[in-house]
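Work through the exercises below with the model open beside you. Try each task before you read its solution.

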Amino acid sequence: MNTFAKLKSFIEENDNFVLVGHKNADGDCIGTMSAFAVVLEKLNKSFELLVADPVPYGYGFLKYVKDFKVVSEYRCKGRPLILFECGTIARCGITLKDYGKTVNFDHHPDNSFYADINVVDAEASSVGEMAAIFFKDFFNDLIDSHIANALYTAIHTDTGGFSYSNVRKTTFDISSFLMTKGLDNQLVCNEVYGNNRIEKTRLLGHYLENLKVEKLRNFSLCYGVITVEDLVKFGCTSRDTENFANYPRGIRGVDVGVFFLEIEKGVFKVSLRSKGKIVVNKVASRLSGGGHKFAAGCTVKGSFCEVLETVKNEFLKDE
């Protein structure tokens, strides 16, 4: 029995699910969780949706996203657990206790295959793509516009609007299929990309104005930072920095972009993005993080200058 078939049986044989996303959940994770919630509702299954951090504003239009609970720990009381994009259980950022059988639903190559059912496809562009294929194969009649919009949000955001190297023919095929199920492309793009708070736009301006470019031996690195003080000054939270990691990479002549976000004083979330010449998940892995070859991340403690030097030195090890 393949893993999709096992997942179908798991869903049909259980109830009262706990759905958990990864720490700092992104559009792929959030959209896929929303789609799963709608399918479970249609199957008359109960569920709870958990994340460790507040959901970015642009995803509030998706069904059930407003019901996401932000928690640091949770007692599952024996209930079945589905984790999304969590290479390890710790990746969710929530202390989970007393859970029942587990499903690990992921597309990252560094997944540790820790669950009772591991649905992992490192070739997939996104977990949204995986979920769309799964629902098409096993719950086709249940797919409606809410599910289609949620899964397209997942796919579109995790592929950079179909511009990243993780896009394959299947990515376009399944997105085209979602169009037949009521997908509203304009709605998704307007909500996700065209519904920013003015405070976020001003924070973005500050961030872009202070980007730096450096030459590291055989490649160019562009980086930017948002500190705790910046967030306070501009009336923002970490939710307002989604997609900031993509801007440094987009500069002509730059091979790698790095976004440093201070999530608490002296603790930085480091997002690494490559145009394809430099593999970045090796750097992230050595700093106790992970991700894809050309998009990865980690968390590093220290002052910004210390963290910057740590990251640069890790890149130099690969040259």
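Predicted model: local features only at pLDDT ≥ 70, side-chain atom pairs only at ≥ 80, totals over all residues.

Residues are numbered from 1 along each chain as its sequence is written, and side-chain values use heavy atoms, with hydrogens and water left out.

**Exercise 1. Find where the salt bridge of Arg 168 and Asp 121 sits in the chain.**

Step 1. Start with the rule: a salt bridge is a side-chain nitrogen of Lys or Arg within 4 Å of a carboxyl oxygen of Asp or Glu. The count by this rule is 18 salt bridges.

Step 2. Check the distance. The closest N and O atoms of Arg 168 and Asp 121 are 3.5 Å apart.

Step 3. Arg 168 is in the loop between helix H4 (145–158) and helix H5 (169–179). Asp 121 is in the loop between strand S8 (117–120) and helix H3 (127–138). The two are 47 residues apart, so the pair links distant parts of the chain. Helices (H or I, at least four residues) and strands (E, at least two) are DSSP runs, numbered from the N terminus.

Step 4. Classify the surroundings. Buried means under 20% relative accessible area, exposed over 50%, and partly exposed in between (1.4 Å probe, protein chains only). Arg 168 has 25% and is partly exposed. Asp 121, with 27%, is partly exposed.

**Exercise 2. Which residues form salt bridges with Arg 197?**

Step 1. Take Glu 199. Its closest atom pair with Arg 197 has N and O 3.5 Å apart.

Step 2. Take Asp 240. Here the closest N and O atoms are 2.9 Å apart. Asp 240 is in the loop between helix H8 (228–233) and helix H9 (246–249), and Arg 197 is in the loop between helix H6 (185–193) and helix H7 (198–209). They are 43 residues apart.

Step 3. Compare accessibility. Arg 197 is partly exposed at 26%. Glu 199 is partly exposed at 28%. Asp 240 is buried at 1%.

**Exercise 3. Describe the ring pairs of Phe 304 with Tyr 223 and with Phe 268.**

Step 1. Recall the rule. Rings of Phe, Tyr and Trp (its six-membered ring) pair if their centres lie within 6.5 Å; planes under 30 degrees apart count as stacked, over 60 as edge-to-face and the rest as tilted. The whole structure has 21 aromatic pairs.

Step 2. Tyr 223 and Phe 304 are 6.3 Å centre to centre, with 50° between the planes, a tilted pair. Tyr 223 lies in strand S10 (residues 219–226) and Phe 304 in helix H11 (residues 304–317), so the pair ties together parts 81 residues apart in sequence.

Step 3. Phe 268 and Phe 304 have ring centres 5.9 Å apart and planes at 50°, so this pair is tilted. Phe 268 lies in strand S12 (residues 267–274), so its pair with Phe 304 ties together parts 36 residues apart in sequence.

Step 4. Tyr 223 is buried at 8%. Phe 268 is buried at 1%. Phe 304 is partly exposed at 22%.
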